[in-house]
Amino acid sequence: LMSKSGGTMTGAIAMGRHKVTGLGTPEADTDAATKGYVDGKRAAYTATLTTAWSGSAAPYTQTVAVPGVLASDAPHVTPVYSTTLATALLQKEAWSKVSKAEAAADSITFTCFEEKPTAAIPIQIEVIR
């Protein structure tokens with residue numbers, strides 16, 4: 001038996017569908033974390049890329065306001081396609097022209113290196129902090 005204070009495990013523990021509770025806030029990369037702590041590190045936003053791109057020649061840019069996004073975020077951006085096939089195909093073609101996304105405080109700037117999209121694109125943005 002191990003003491004209730006301190007000690008080192010040397011093998012796996014099968015929890016038998018029981019939970020580990022009362023975890024502290026993780027400090028080291030190898031510390032366990034609660035579901036609440038992990039969920040608090042994820043933020044999700046929605047926005048729309050419009051057809052109003054800046055620039056008379058490539059590259060084209062568009063800055064979209066996304067309150068809550070941090071300059072240090074590395075956003076994962078995905079299109080949210082329409083349920084109408086014709087519209088979804090236009091959005092898919094438009095999305096293929098977007099080359100990169102860069103976060104700033106409360107906004108994301110999108111760049112198209114060659115052509116600018118001619119259809120609006122609803123997007124979903126996820127960041128893990």
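Which residues of the largest nonpolar core touch the most other members? In this predicted model, the core holds 21 residues, and those with the most contacts to other members are L49, V66, F110, I123 and I125. Strands β1 (42-49), β2, β5 and β6 (121-128) each contribute at least two residues to this core.

Leaving out residues up to four places away in sequence, L49 touches Q62, V64, W95, V98, F110, A120, I121 and I123. Two of these, F110 and I123, are also among the core residues that touch the most other members.

Q62 lies in strand β2, which spans residues 60-65. Q62 has a relative accessible area of 7%, and because this value is under 20%, the residue counts as buried. The side chain of Q62 reaches the backbone nitrogen of T50 at a distance of 2.8 Å. Apart from neighbours within four places in sequence, Q62 is in contact with T48, L49, T50, A52, W53, I108, T109 and F110.

Strand β2 also belongs to an open sheet of three strands, arranged in the order β2-β5-β4 with antiparallel pairing. Strands β2 and β4 (100-104) are at the edges; each has a single partner strand, so one side of each has no neighbour in the sheet. From one strand to the next, the twist averages 20°. Strand β4 is joined to β5 (residues 107-112) by five bridges, and the two run antiparallel. Within this pairing, E102 has T109 of β5 as its bridge partner. T109 is also one of the residues in contact with Q62.

Key. Residues numbered from 1 in each chain as written. Predicted model: local features only at pLDDT ≥ 70, side-chain atom pairs only at ≥ 80, totals over all residues. Heavy atoms only, no water. Helix = DSSP H or I, 4+ residues; strand = E, 2+ residues; numbered from the N terminus. Buried < 20%, exposed > 50% of the residue type's maximum accessible area, 1.4 Å probe, protein only. Polar contact = N/O pair within 3.5 Å; in protein donor to acceptor, adjacent residues only side chain to side chain. Contact = heavy atoms within 4.5 Å. Pairing = 2+ DSSP bridges. Axes fitted to C-alpha atoms, helices over the stretch in contact; angles between N-to-C directions. Core = buried A, V, L, I, M, F, W, Y, C linked by side-chain atoms within 4.5 Å.
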